[in-house]
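Keep the structure open as you read.

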Amino acid sequence: MPTEHPLAGQSALITGASRGIGFAIARRLGQMGARVSLCGRDKKALEDAATRLRNESIDAFAFPADVSRADQVASLVDATLKKFDAIDILINNAGVGRFGPIHQLTETDWDAVLDTNLKGVFLVSRAVIPGMLARSRGHIINISSLAGKNAMPGGGAYCASKWGLLGLTYCMAEDLRAHGIRVASICPGSVATDFSHSSTKDAKKMLQPDDVAHAVAMLLTQAPQSFISEVLLRPTQKP
Ligand SMILES: NC(=O)c1ccc[n+]([C@@H]2O[C@H](COP(=O)([O-])OP(=O)(O)OC[C@H]3O[C@@H](n4cnc5c(N)ncnc54)[C@H](OP(=O)(O)O)[C@@H]3O)[C@@H](O)[C@H]2O)c1
């Protein structure tokens with residue numbers, strides 16, 4: 001029998017949760033009964049997001065951190081563990097895009113994208129996994145993209161980061177599945193958020209942040225013996 005709060009008693013850390021997809025995931029997990037720890041770089045935006053969730057009776061904790069900085073990641077994970085004792089669920093969602101033909105991208109563009117979208121997942125996962133191993137259970141969900149599967153003009157840095165993230169996810173899954181920790185990726189197509197606001201696509205046909213949250217909820221409510229390792233999420237109509 002499905003329960004109303006299937007994640008009651010569990011804690012989740014969601015990176016990039018001040019807006020967009022990360023916020024929708026945090027809200028969904030909170031509605032499912034989880035305590036949620038939110039991270040992002042902008043302290044005020046993050047506090048506002050946590051306040052919105054608390055106003056909906058969700059137990060939300062906000063800790064500003066840049067996922068590309070190992071020292072800040074260590075502080076984030078320590079603070080979350082002090083607050084919630086354990087991290088049962090990690091959603092690696094924080095991500096940025098810089099687009100343009102590769103010969104026009106700056107080194108700063110390249111580093112911003114790779115350091116956030118790929119190195120950030122390594123740093124946060126590395127800090128969280130020991131606690132999951134100690135309890136022999138956990139879920140890690142990495143938000144990649146269909147841009148991690150398909151080439152697009154101007155997507156050199158972004159596609160490389162999301163393609164690389166899929167490789168990292170597949171290997172983490174093999175490292176950890178025998179320990180009861182399931183590592184999966186979700187690859188959404190275009191989602192209507194600030195990230196894609198300059199897109200020429202029809203926002204009404206695009207995926208919504210809640211659609212990604214729904215896929216996360218599906219992965220987290222599998223039976224223990226079942227392991228959906230990858231979700232490709234497309235809009236019904238091409239935007
Ligand atoms: N929107 C799409 O079309 C789409 C499609 C497929 C996949 N995705 C992926 O989905 C994820 C979320 O995208 P979104 O559309 O929700 O983007 P968004 O609306 O721009 O939100 C990005 C979130 O990540 C945070 N963030 C960015 N850099 C960070 C860093 N270095 N450390 C910590 N937090 C950081 C941002 O907060 P601060 O700026 O305050 O740090 C914000 O909370 C990304 O990984 C993106 O690549 C998006």
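Start where Ala70, Val73, Ala74, Val77 and Leu81 in H3 meet Leu123, Val124, Ala127, Val128 and Gly131 in H4. Bear in mind that this is a predicted model. Sort the residues of this H3 and H4 contact by class and you get nine nonpolar, one polar and no charged. As for the geometry, helix H3 spans residues 70-84, and its axis comes within 9 Å of the axis of H4, the two crossing at roughly 35°. The crossing of H3 and H4 is right-handed.

Now move over to another helix pair. Helix H1 covers residues 20-31 and helix H6 covers residues 209-220; their axes come within 8 Å and cross at roughly 50°. Angles under 35 degrees would count as roughly parallel, and 65 to 115 as roughly perpendicular, so H1 and H6 end up oblique to each other. The handedness of the H1 and H6 crossing is right-handed. On the H1 side, the contact is built from Gly20, Ile21, Ala24, Ile25 and Arg28, while H6 brings Pro209, Asp210, Val212, Ala213, Val216 and Ala217. By class, the contact of H1 with H6 has eight nonpolar residues, one polar and two charged.

Which residues does isoleucine 25 touch, leaving aside its neighbours within four places in sequence? The partners of isoleucine 25 are Ile14, Ile91, Asn93, Val212, Ala213 and Val216.

That brings us to the core. The largest nonpolar core has 63 residues, and the members that touch the most others are Ile25, Ala26, Val36, Leu38, Val212 and Val216. Helix H4, residues 107-135, gives the most to this core, with eight residues. There is also a second, separate core of five residues, among them Val113, Ala147, Ala157 and Cys159.

One last stop: alanine 160, which you'll find in helix H5, residues 156-176. Alanine 160 and valine 124 are 36 residues apart in sequence, and their C-alpha atoms are 19 Å apart in space.

Conventions
Residues numbered from 1 in each chain as written. Predicted model: local features only at pLDDT ≥ 70, side-chain atom pairs only at ≥ 80, totals over all residues. Axes fitted to C-alpha atoms, helices over the stretch in contact; angles between N-to-C directions. Helix = DSSP H or I, 4+ residues; strand = E, 2+ residues; numbered from the N terminus. Parallel < 35°, antiparallel > 145°, perpendicular 65-115°, else oblique. Left-handed = near helix turned anticlockwise from the far one by under 90°. Contact = placed C-beta atoms within 7 Å. Nonpolar A, V, L, I, M, F, W, Y, C, P; charged D, E, K, R; others polar. Core = buried A, V, L, I, M, F, W, Y, C linked by C-beta atoms within 7 Å. Buried ≥ 20, exposed ≤ 12 C-beta atoms within 10 Å, placed from the backbone.
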